[in-house]
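Work through the exercises below with the coordinates loaded. Try each task before reading its solution.

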Amino acid sequence: MKKILFVVLLCCSFSLFAKNASFKGEDYSVFVSYNEDLVPGDAIFIRMKLHTSKFNKKNTSYEKRACLQLYKKDKLLQTTPFYTISKTKKNHNVDMLCGIPLSSWLEDSEYSLKVIFTIAENDDKEFTLPLNFKDRIFNSETVHLDAKNTSIKTDNSPKRATQINNLNDILFSSIYEDIFALENFEVPTTSTRYTSYFGDRRVYKYSNGKSSTSLHYGNDYGIPEGSEVFSCASGKVVMAENRISTGYSIVIEHLPGLYSLYYHLSQMDVKEGDMVKKGQLIGLSGSTGLATGPHLHWEMRLNGEAVRPEFFLSNFTFSEED
């Protein structure tokens, strides 16, 4: 593996949180944009544009591959492959994207990103990008459950286990050809009234006197029963069903490994396999499943892990049109 030792440029561009870096070799050049602020509960996205010389024939016959690695000092935390957004006919220019979710339990330390890419067989390159850790404080709340919700929360039935496994199979899958949404996402309701936030540290108090703890994986909006719910971005409906814990639930795939989830609906207006546009009506809010009242639970998952939904309202793909 050959390491790139020269950085040409590092500057702000595209959006308030974007950093750019350029790298150049004898027969290739790379331009990357990424968010350098590493914040618990958010994500790191990097867009990489790779150009290889048209005079180097070996580059046109070998598929370009790349992966992104997150390090805590010298410890490798995660590795995720890039996926191709676009490429020229002769494959000399490739535009790629990659995202890594950040745990809401992430601790202050020294972090960095390593990009490894292949431009020809047995010819790997790599470079490292710096990150700035910025802490976030999460709320704590206690949720008191009645007998009905206690029964749902403590349900250990095979049916509920199957539903959980089926959902995880979807959320931990990445179909690299599925590129449906590269623009900023939008909030799926007109309401601005939050009743719970992503990352809330929850204590559930059961009706039998017992309790348990968990994280809240999305945002809850306190809206009346029957309020309109819209898709936060264009994508493909990969789940639309009634689940024990989340009631009428819709899951939409937007990018490889990136999904939006809408829970506790009273009505679903889409079905599995439907293609939807950003802002399209997909259902009505309700209180089905484990719910203490009418609301919309909106959640975002990247590579299976929950990410703060507001992160995706920004230019996270570093589109030059923004």
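A polar contact is a pair of N or O atoms within 3.5 Å; within protein, one must be able to donate a hydrogen and the other to accept it, and residues adjacent in sequence count only if both atoms are side-chain atoms. The model is predicted: local features need pLDDT of at least 70, side-chain atom pairs count only at pLDDT 80 or more, and totals for chains, interfaces and linings use all residues. Numbering runs from 1 along each chain as its sequence is written, and side-chain values use heavy atoms, without hydrogens and water.

**Exercise 1. Find the polar partners of the Ser-249 side chain.**

Step 1. Take side chain to side chain. Ser-249 and Thr-246 are joined by a polar contact of 2.6 Å.

Step 2. Turn to the backbone. The oxygen of Gly-247 lies 2.8 Å from a polar atom of the Ser-249 side chain.

**Exercise 2. Is Ser-249 buried or exposed?**

Step 1. Buried means under 20% relative accessible area, exposed over 50%, partly exposed in between (1.4 Å probe, protein chains only).

Step 2. Apply them. Ser-249 has a relative accessible area of 0%, so Ser-249 is buried.

Step 3. Of the protein's 322 residues, 54% count as buried.

**Exercise 3. Which residues does Ser-249 touch, leaving out those up to four places away in sequence?**

Step 1. List the partners. They are Met-239, Ala-240, Glu-241, Arg-243, Tyr-262, Tyr-263 and Met-268.

Step 2. Check a C-alpha separation. Ser-249 and Gly-283 are 34 residues apart along the chain, with C-alpha atoms separated by 9.5 Å.

Terms used:
Contact = heavy atoms within 4.5 Å.
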